[in-house]
Amino acid sequence: MLKQILSLTALFTGVIVAKAQTPEPLVAKVAYTFIHIIDKQKPDTLHKEELVLRIGKNSTYYGSYPFSAVIEPREATPPPPSGGVTRVYTGRPMAVVSDWGITTWYLAQNPTEKKLTRYESVGLAGYEVEEKFPVINWNVTATTKTIGGYTCQQATATYAGRNYTAWFTSDLPFSVGPWKLNGLPGVILEAYDDKQEVFFLFKQIALAQPNELTCNESSKPMVKVKSEAVAKAKTAFDDNPSGIVQAQSGVSGDVAVRFRDSRGQFHSGDAVAKLLEEKKKREKLVAKNTLELK
C-alpha cells in the first residue's frame, strides 16, 4: 500500500494546478443514449449510458450531467454573524469505485480556440488533461431525415480508426456533437460507426432555461497532467481504493469502499473484491476494442 501511495505522489510532483472550465450561458442541451459493444459474442460487454451535451455560444460540456439539471450561478456565501461561532461539519471520506464503462470524466470543447479538455476524478482528486482537438474531414451528402423534430443531414467520416455516419441539423448552428465528434455546420444529433459497435443515439433536446449554465461553477483546483498520468492514477486507485483515498484525505484508519455497478447500485463488504476482479477482466476485453482504435 505504501509503495502505491508513494509512487502516486511522485507521479504528480511538479504538476500545475488549474481551475476548471469557466461556465457560460447555456443555449441548448441534448441527451444521447451512448452504446459501446465491446464483443458482440459476449452480451455482458455491452455498455449503455445516458450522456448529455450542454451547448454554449463558445463552448460545450459533455458528460453524465442529469438532463433535468439546471445549473445556475452560485451566490456568494455570506459571512458568519459578528461574534458568532463558525462550525465546520465533515463526514468521513469514502472510496467509490465505478464499474468499467461508467463515465467519470467530462469533456469541455471550445471550437473557436480549437481546444479540448478532459476533466476526470480519481478518488477525491480532480485532474485536467489537455487533449488534441479533433479535426474531422466530413463528407456531407444530400440525404436527410427528421430527428427530434429537427431536419438532419447525413455526413460520413473516419475518426480515431472508426468510420462514422452522423446526422446534424443546421437549425442549431453550432459545430459540435457528442463526445469528440465536431466540425459540421450544425449540432450532431445522432452518430454511429459502420461496425455497429458504437452509437450516439438521440434521446431528447431542450433549449436553455433562464440563467442556466453549461457547467458547474467550481473553485476546486484541478491538477493539470498528461493522459498517461491519469491512467496510472486510475490503476493505482482500483488496486487500493481505500489506501489512496486515505492518503488524499489525510484521515487515519481504513476508508470504507463502495463499488458502483453499471445499474447505479452500490455494493460493499466482501462483494467489492469480487466485483473489482470482474472489472479488471472486462477491461482487458475493452483494450481489444476501445472507442478510439487509433
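Author: Strands (E, at least two residues) and helices (H or I, at least four) are DSSP runs numbered from the N terminus, and two strands pair if DSSP finds at least two bridges between them. This is a predicted model: local features need pLDDT of at least 70 and side-chain atom pairs 80 or more, while totals for chains, interfaces and linings use all residues. Residues are numbered from 1 along each chain, and side-chain values use heavy atoms, without hydrogens or water.

Reader: In what order do the three strands of the open sheet come?

Author: Strands of a sheet pair through backbone hydrogen bonds, either parallel or antiparallel. Here the order is β5-β15-β16, with mixed pairing. β5 (95–98) and β16 (266–267) each have a single partner strand, so one side of each lacks a neighbour in the sheet. β5 and β15 (257–260) run parallel, joined by four bridges, and Val97 sits opposite Phe259 in β15.

Reader: Which strands does helix α4 touch?

Author: Helix α4 (270–286) packs on the sheet, touching β5, β15 and β16. Its direction makes about 45 degrees with that of β15 (lines fitted to C-alpha atoms, for helices over the stretch in contact; N-to-C angles run from 0 to 180 degrees).

Reader: Is Asn182 buried or exposed?

Author: Buried means under 20% relative accessible area, exposed over 50%, partly exposed in between (1.4 Å probe, protein chains only). Asn182, in the loop between β11 (162–169) and β12 (187–193), has 3% relative accessibility, so Asn182 counts as buried.

Reader: What does Asn182 contact beyond its neighbours within four places in sequence?

Author: Contact means heavy atoms within 4.5 Å. The partners of Asn182 include Gln109, Phe133, Trp138 and Ile188.
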